[in-house]
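Work through the exercises below with the model open beside the text. Each task is followed by its solution.

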Amino acid sequence: MTGEHGGNGEIGVTGGVGGVAAEALGLLEGHGETIAVAESLTGGLLAAELTAVPGASRSFRGSVTAYATGLKRDLLGVDGALLDARGAVDAEVARQMAQGVRRVLGADWGVATTGVAGPTPQDGQPVGTVHVAVAGPSGAATGMALRLAGDRAGIRGQTVEAAVKLLLRELIATARAQDTEQRGGI
């Protein structure tokens, strides 16, 4: 799995996806924050991974499986011109999905997945092209482009793992920034 995000694209989180999901939900609960997810290629697997964690209901608001492109536009508010120009497999589409699910489900954080799990290309993109994004309380969204290998199930599983790790990384970064701000920039 390779990623593109800012610097080297590394997420830097170790452990299984279940442990990462539990850690992310623990941070959310500790800050009194909530999360919602918008999924396309993962078809509900990300929501299932998060809700498999005991106590997830304290932070998990819900999910939207917007498999159809029209739902991304009509339900999540993804720009129709963007979808027409680039298709649904796009970094900005993922960011807008994350922002949209935050808004629609009234959550502090939104996570989104979009891409091509196969078996055939979509929107001119090869199998394994995936975008995940996280939108935080400020509304700003960050994303990661992935080029994944494997069969359909493998690509979907790797996407869930990448999305949960990106969420945890953003939660940690936000907590550190808030801590630094509270200490007067020290």
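A contact here means heavy atoms within 4.5 Å. The model is predicted, so local features need pLDDT of at least 70 and side-chain atom pairs count only at pLDDT 80 or more, while totals for chains, interfaces and linings use all residues. Residues are numbered from 1 along each chain as its sequence is written, and side-chain values use heavy atoms, with hydrogens and water left out.

**Exercise 1.** Describe the order of elements and the share of contacts that join residues at least 24 apart.

Solution. Begin with the elements, taken as DSSP runs numbered from the N terminus (helices: H or I, at least four residues; strands: E, at least two). The protein has six helices and six strands. Read from the N terminus, their order is β-α-β-α-β-α-α-α-β-β-β-α. Then turn to the contacts between residues at least 6 apart in sequence: 65% of these join residues at least 24 apart.

**Exercise 2.** Is Thr129 buried or exposed, and which residues does Thr129 touch?

Solution. First place the residue: Thr129 belongs to strand S5, residues 129-135. Next apply the cut-offs: buried is under 20% relative accessible area, exposed over 50%, partly exposed in between (1.4 Å probe, protein chains only). Thr129 is buried because its relative accessible area is 1%. Leaving out residues up to four places away in sequence, Thr129 touches Val89, Gly115, Val116, Leu146 and Arg147.

**Exercise 3.** Locate Leu168 and state its separation from Leu28.

Solution. Leu168 sits in helix H6, residues 152-182. Its relative accessibility is 1%, so Leu168 counts as buried. Leu28 is 140 residues away along the chain, and the two C-alpha atoms are 9.5 Å apart.
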